[in-house]
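Please open the model in a viewer and keep the selection tool at hand. The stops below are arranged so that each selection leads to the next.

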Amino acid sequence: MEKLKVGLIGLGTVGQVVHLPVLAGLKDKFEVVAVCDVSAKLTHRVADTFQVPGRYTDHKAMLAAERLDIVAVINSDEYHADCAIDALEAGAHVLIEKPVCLSLEDLDRVIAARDAAGKVAFVGYMRRYAGAFTAMRERLAAAPSILHVSVRDIIGPNAYFIDQTSVVETGDDIAPELVSERQQRASAQVTAALGQVSPDAVSAYRLLCGLGSHDLSALRGLVGAPKRVIGAGKKSGGRYVTAILDYGTFMATFEMGLDQVGRFDAFIEVFTGGERLRIDYDTPFIRHLPTLLTVTSTKGDDLSVAVERPSYRDPYTSEWLCFHDAITAGAPVDTTLEDSAEDLKLFAEIVAAFAD
């Protein structure tokens, strides 16, 4: 089978620590032929490390010069929509890191470009590709009912995990005007999504788009989308968010936050009455840490706690393999652009439910 030629836009931490190593391990299916970042220094350092021939600081130049089957859009959120649209119009399939973009207006533009190009657009909700996630979804399909769901994602600094296990290259040659443009784009896109809101609400929305999109996408993949947001609150400058989600026959509680403790505390727990099913996620920046499914039940006097580890394969590898199947075999895509729109709608509802 001919390898799919890949170009990457954005060479930050997730590109260096996750995507490029994953693709290097899938050489029978993918070949990274080009990378692009606005930092020329970073582009050359990363390209040297991973032996990538094509090196660009302008994604349009990369798209014009290279014959790419796939473009991975893994740069800053504010540029996702424009880069994805350019890649689709150039005839490439796209994998877009979450969030796809910051507003439904931009998402609609990406959907239109995908439909016009007839290409696959795949959203990088990697938690939905963990083996334990699939196992939990199968168990829930056979469960008699759901009584309650609890979702938590309170984590320490990513640097705590990354600095101990990886070497990440950085660039100090980014033009000040690009930094300013990024800030202006962010402000305009969040305003388009929410209207005029407080700075704390903006911070909470950005955190929902980043960290929260993992949890709420995975929740949606397990039990569907909620009917409404009953209530929500934010504290500590928008760094902590709590929400109560109404599913009609049950409720879900959601809590998210950032602190300085070196722990990754992320789980979804579903209570069915007869069983408690809990999936625990660890930091994605250390590959192959297992995602665990714990099943707790009682029979007579016996309390049973079973821990399942379906696979050591990291979710990013599974994600790329599913993307490959979608392109080469027409396999269905679970994490679509339309699916990601549900995130943006829910985030806006949570922000609208804030009391202040």
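Where is the place of Pro99? Select Pro99: its place is in the loop between β5 (93-97) and α5, where helices (H or I, at least four residues) and strands (E, at least two) are DSSP runs numbered from the N terminus. The peptide bond from Lys98 to Pro99 is cis, with omega near -15°.

A word on conventions is needed before moving on. The model is predicted, and local features need pLDDT of at least 70, side-chain atom pairs count only at pLDDT 80 or more, and totals for chains, interfaces and linings use all residues. Residues are numbered from 1 along each chain as its sequence is written, and side-chain values use heavy atoms, with hydrogens and water left out.

**Helices α5 and α11**

Show the side chains of Leu104, Leu107, Val110, Ile111 and Arg114 in α5, together with Leu337, Glu338, Ser340, Ala341, Leu344 and Lys345 in α11, which make the contact (heavy atoms within 4.5 Å). By class, the residues of this contact are 7 nonpolar, 1 polar and 3 charged; Ala, Val, Leu, Ile, Met, Phe, Trp, Tyr, Cys and Pro count as nonpolar, Asp, Glu, Lys and Arg as charged, and the others, Gly among them, as polar.

**The nonpolar cores**

Next select Ile350. Leaving aside neighbours within four places in sequence, Ile350 is in contact with Leu208, Leu216, Val229, Ala232, Val241 and Ala243. Ile350 and Leu219 have the most contacts inside the largest nonpolar core, which has 82 residues. Such a core is a set of buried Ala, Val, Leu, Ile, Met, Phe, Trp, Tyr and Cys residues joined through side-chain atoms within 4.5 Å; buried means under 20% relative accessible area, exposed over 50%, and partly exposed in between (1.4 Å probe, protein chains only). Helix α9 (residues 199-223) supplies the largest share of this core, 12 residues. A second, separate core of 34 residues includes Leu42, Val120, Met126 and Phe285.

**Asp215**

Return to helix α9 and select Asp215, which is found there. Is Asp215 buried or exposed? Its relative accessible area is 2%, so Asp215 is buried. Beyond neighbours within four places in sequence, Asp215 is in contact with Arg127, Val151, Arg152, Asp153, Phe254 and Ile268.

**Helices α1 and α10**

Now display helix α1 (residues 13-24) and helix α10 (residues 315-329), which pack at an angle of about 55° with axes 9 Å apart. That angle makes α1 oblique to α10. At this contact, Val14, Val18, His19, Val22 and Leu23 of α1 meet Tyr316, Thr317, Glu319 and Trp320 of α10.

**Two loop residues**

Most residues other than glycine have a negative phi, and most peptide bonds are trans. Select Gln51, in the loop between α2 (40-50) and β3 (54-56): it is not a glycine, yet has a positive phi of about 55°. Gln51 is exposed, with a relative accessible area of 70%. Finish at His288, in the loop between β12 (275-281) and β13 (292-299). His288 has a positive phi of about 75° and is partly exposed, at 39% relative accessible area.

Key: Axes fitted to C-alpha atoms, helices over the stretch in contact; angles between N-to-C directions. Parallel < 35°, antiparallel > 145°, perpendicular 65-115°, else oblique.
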